[in-house]
Structures are given as structure tokens and as C-alpha cells.
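Biologist: I have a model on screen and some questions about it. Can we go through them one by one?

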Amino acid sequence: MTPGPDLQQLIDTIRADAGTDDVLDQLGTAASTISELTSTSDAALGYFVDRARGAGKSWVEISTVLGVSKQAAHKRFAESWTSRPAFEHYTPRTRAAVEAAADVARGLTHSYVGTEHLLLAFYTQPEALATKVLVAHGVTEQAVSEAVNAAVPAGEGPVNEEELGFTRRASHVLQGAAGEALALGHNYVGTEHLLLAFYRDQAGVATTVLQGLGLDESAAWAAIRAVLNELETAK
């Protein structure tokens, strides 16, 4: 395991960040630094708890690994940093895609917004990173649409607008996208993070469609990292 900074290293860092010998300024910097470290640590742990939950692991199994009671684990992580959609951190294209998912659902006469609608909504944003990755791998809008229609045929009755909310699995994707952003060291949530979040639930329609069309999680990760590296190099 890679060791973190020891106490002296942390003290030296805080003093350097404070930029002054004033003890109160140093104390304030220390409080801010420790708060940030604690928040990041909790977020990182929440990320892996979220991954375990998405893989179907029970709270009993998770609490055993963490060395705490089931009640304590559930209380701490059921409403963790990664369990709430951080919409304020979503990029404009990501927000536009999420909003378009409802229109996709209406178009299929579905009274809910599922992972399949989120996936199809990517194509309303052709310049989005996730959309470019999908198209580059032959996962076209037509192919996805056909696969979705085969998995969940269009409804017959009118859409009940009062019921048009995100399904539990779709909410899990929206929530998990923040964790994917954290894993990549990003302070924003882009369409690429939503795409990666689909793979947290192997039973989701979007995940099934993506894997059926040849884009599994490892391929998606590799493609997104490659695009991000290209963008970074081009700066």
C-alpha cells in the first residue's frame, strides 16, 4: 500500500500553505486542510462502498469488511457523497443529456426515465465525450435504439407525467457519476462519467445494451482515458 504523508510532512505542508508564521493563520489553514482531507477520504471510501453495492454486495458484507456494524455502515454511506447526484458539478452537456432523457422516455411512451433513456439521450449531444466514444466504437444511435426497443418495447398508453421520474437504477447512475469523476481526479461530472457509471449495475438495460454492442467496462475505460489524454496533450 502506498503510504500517505506522515505527521511531519503534513505539518510542513500546512505551514507552507499558510505562508506566514502567524499561529492563527496556520491554525486556520490546518483546519481547512484537515477538513478537505477528511472530505476526500470519505468520498473515496464512499466510492468503493458504492461500487460494492452496485455489484450486489449486502450491507452485512460491507460492514464486515469495514469492521463496523451493519447499522453504522448503512447510516454513514446510504446517504454518502456519491449517493447524491451532484448536479451543480455537471457540465452543461451532461445536464442537457440528463434533461433530454425525459424526452426520450416520452418518445417511447414510457412513464419513467431509466438507464436506457439516459444512454439514448447522449446522442442529443453529439459533441459530448461519451457520445464520441460510443460512435467511435460503432455504438451508434440506431444500434442502441434497436437494442433498447428489443429489451423494453415502447408503451401503448399515454405517458403519466406525474410518474415520469428516474428509476432506482437510473438514479444510481446519476449518483455514481460523481464517484467516477473522483476516480479520474476530476472536479466536474461529464458525460464520460455517466457512461462509466452505467457499469456499476450489470443488470441495467443500458449496461446490457452496451455490452451486447461490444463496449464492456474495460473498453469504455480505455477509450475514455485515451480521449482525455489526447485532450490534455493538445492543451
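Biologist: Which residue meets Lys 132 in a salt bridge?

Modeller: This is a predicted model. Lys 132 is partly exposed, at 45% relative accessibility. The N to O distance is 3.3 Å, and a salt bridge needs the two atoms within 4 Å, so the pair counts. The partner is Glu 127.

Biologist: Which residue forms a salt bridge with Arg 106?

Modeller: Arg 106 is partly exposed, with a relative accessible area of 35%. An α-helix has 3.6 residues a turn, so residues three or four places apart point the same way. The closest N and O atoms are 2.8 Å apart, and the partner is Asp 103.

Biologist: Arg 200 and Glu 180 also meet in a salt bridge. Are Arg 200 and Glu 180 buried or exposed?

Modeller: Their side chains come to 2.9 Å, N to O. The pair links distant parts of the chain, 20 residues apart: Arg 200 is in the loop between H10 and H11, and Glu 180 is in helix H9. Buried means under 20% relative accessible area. Both residues are buried.

Biologist: How many salt bridges does the count come to?

Modeller: Side chains of opposite charge can pair when their charged atoms come close. Among the pairs are Lys 132 with Glu 127, and Arg 200 with Glu 180. The count comes to four.

Biologist: Which residues of helix H7 are buried?

Modeller: H7 covers residues 129-136. What covers its buried residues includes helices H6, H10, H11 and H12. After H7 comes Gly 138, with a positive phi near 75°. The buried residues are Leu 129, Ala 130, Thr 131, Val 133 and Leu 134.

Biologist: What does Phe 198 contact, leaving aside its neighbours within four places in sequence?

Modeller: Contact here means heavy atoms within 4.5 Å. The list is Thr 115, Leu 118, Leu 119, Phe 122, Val 173, Ala 206, Thr 207 and Leu 210.

Biologist: How far apart in space are Leu 120 and Glu 141?

Modeller: Leu 120 lies in helix H6. At 9% relative accessibility, under the 20% limit, Leu 120 counts as buried. Its contacts beyond four places in sequence include Val 104, Leu 108, Val 144 and Glu 141. Leu 120 and Glu 141 are 21 residues apart in sequence, and C-alpha to C-alpha they are 6.8 Å apart.

Biologist: Is Leu 27 buried or exposed?

Modeller: Leu 27 is in helix H2, residues 23-54. With Val 23 and Leu 24, Leu 27 makes a nonpolar surface patch of about 340 Å². Its relative accessible area is 54%, and the cut-off is over 50%, so Leu 27 is exposed.

Biologist: How many helices does the protein chain have?

Modeller: Buried residues make up 40% of its 235 residues. Of the contacts with a separation of 6 or more, 65% join residues 24 or more positions apart. The chain has zero strands, and the number of helices is twelve.

How values were computed
Residues numbered from 1 in each chain as written. Predicted model: local features only at pLDDT ≥ 70, side-chain atom pairs only at ≥ 80, totals over all residues. Heavy atoms only, no water. Patch = residues over 30% accessible without salt bridge, like charges linked within 9 Å, V, L, I, M, F, W, Y side chains within 5 Å. Areas by Shrake-Rupley, 256 points an atom, 1.4 Å probe, with all protein chains shown as cover. Helix = DSSP H or I, 4+ residues; strand = E, 2+ residues; numbered from the N terminus. Buried < 20%, exposed > 50% of the residue type's maximum accessible area, 1.4 Å probe, protein only.
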